[in-house]
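Q: I would like to learn how to read the features of a protein model. Please take me through one, step by step.

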Amino acid sequence: GYTGYLVFEFKESNVYIMDSVIYGKATYVFESEWERFSKLTKKEILTKNLAKERVVHNDRWKANLGKYI
């Protein structure tokens, strides 16, 4: 699965945020099954549209992620 990622659960908005500790990687937003998805490759997650959103670490990261938390 993913190495160097942390998962944060936000019960009020019913989302799980899987965030890379490495700048330049991406943050993934899931509504369920984050444990199963974390064992997949990035290609599988993107190809199968499993993430609610993929937010790349850039100058818009905070604003793009803010709508979920």
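A: Start with Glu 33, which counts as partly exposed at 45% relative accessibility. Buried means under 20% relative accessible area, exposed means over 50%, and partly exposed lies in between (1.4 Å probe, protein chains only). This is a predicted model, so local features need pLDDT of at least 70 and side-chain atom pairs count only at pLDDT 80 or more, while totals for chains, interfaces and linings use all residues. Residues are numbered from 1 along each chain as its sequence is written, and side-chain values use heavy atoms, with hydrogens and water left out.

Q: Where does Glu 33 lie?

A: Glu 33 sits in the loop between E3 and H1. Helices (H or I, at least four residues) and strands (E, at least two) are DSSP runs, numbered from the N terminus.

Q: What is phi of Glu 33 near?

A: Most residues other than glycine have a negative phi. In Glu 33, phi is near 50 degrees, a positive value in a residue other than glycine. Asn 49 also has a positive phi, near 55 degrees. Asn 49 is in the loop between H2 and E4 and counts as exposed, at 66% relative accessibility.

Q: Which side chain meets that of Glu 33 in a salt bridge?

A: Side chains of opposite charge can pair when their charged atoms come close. The cut-off for a salt bridge is a side-chain nitrogen of Lys or Arg within 4 Å of a carboxyl oxygen of Asp or Glu. Arg 36 is the partner of Glu 33, at 2.7 Å from N to O. Arg 36 is partly exposed, with 44% relative accessibility.

Q: How many salt bridges are there by this rule?

A: The count is three. One joins the side chains of Glu 31 and Lys 52, at 3.1 Å from N to O. This pair links distant parts of the chain, 21 residues apart. Glu 31 is in the loop between strand E3 (26–30) and helix H1 (34–37). Lys 52 is in the loop between helix H2 (42–47) and strand E4 (53–56). Both ends are partly exposed: Glu 31 at 44% relative accessibility, Lys 52 at 43%.

Q: Which parts of the chain do Glu 53 and Lys 67 link?

A: The side chains of Glu 53 and Lys 67 meet in a salt bridge at 3.5 Å, N to O. This pair links distant parts of the chain: Glu 53 in strand E4 and Lys 67 in the segment after helix H3 (61–66), 14 residues apart. Lys 67 is exposed, with a relative accessible area of 58%.

Q: What else does Glu 53 touch?

A: Contact means heavy atoms within 4.5 Å. Leaving out residues up to four places away in sequence, Glu 53 touches Thr 27, Tyr 28, Val 29, Lys 67 and Tyr 68. With Tyr 68, Glu 53 makes a side-chain polar contact of 2.4 Å. A polar contact is a pair of N or O atoms within 3.5 Å; within protein, one must be able to donate a hydrogen and the other to accept it, and residues adjacent in sequence count only if both atoms are side-chain atoms.

Q: Is Thr 27 buried or exposed?

A: Thr 27, in strand E3, is buried, with a relative accessible area of 0%. Polar contacts join the side chain of Thr 27 to those of His 57 at 3.2 Å and Trp 61 at 2.8 Å.

Q: Which residues form the largest nonpolar core?

A: First, the rule: a nonpolar core is a set of buried Ala, Val, Leu, Ile, Met, Phe, Trp, Tyr and Cys residues joined through side-chain atoms within 4.5 Å. The largest core has eleven: Tyr 2, Tyr 5, Tyr 16, Met 18, Ala 26, Tyr 28, Phe 30, Phe 37, Leu 40, Ile 45 and Ala 51. E2 and E3 each supply at least two residues of this core. E3 gives the most, with three. A second, separate core of six residues includes Val 15, Val 29, Val 55 and Tyr 68.

Q: Which residues form a nonpolar patch on the surface?

A: Patches are made of residues with over 30% relative accessible area and no salt bridge; like charges are joined within 9 Å, nonpolar side chains (Val, Leu, Ile, Met, Phe, Trp, Tyr) within 5 Å. Leu 6, Phe 8, Val 21 and Ile 22 form the patch, with about 380 Å² of accessible area together. Accessible areas come from the Shrake-Rupley method with a 1.4 Å probe; for residues, only the protein chains shown count as cover. Val 21 lies in the loop between strand E2 (15–20) and E3, and is exposed, with a relative accessible area of 58%.
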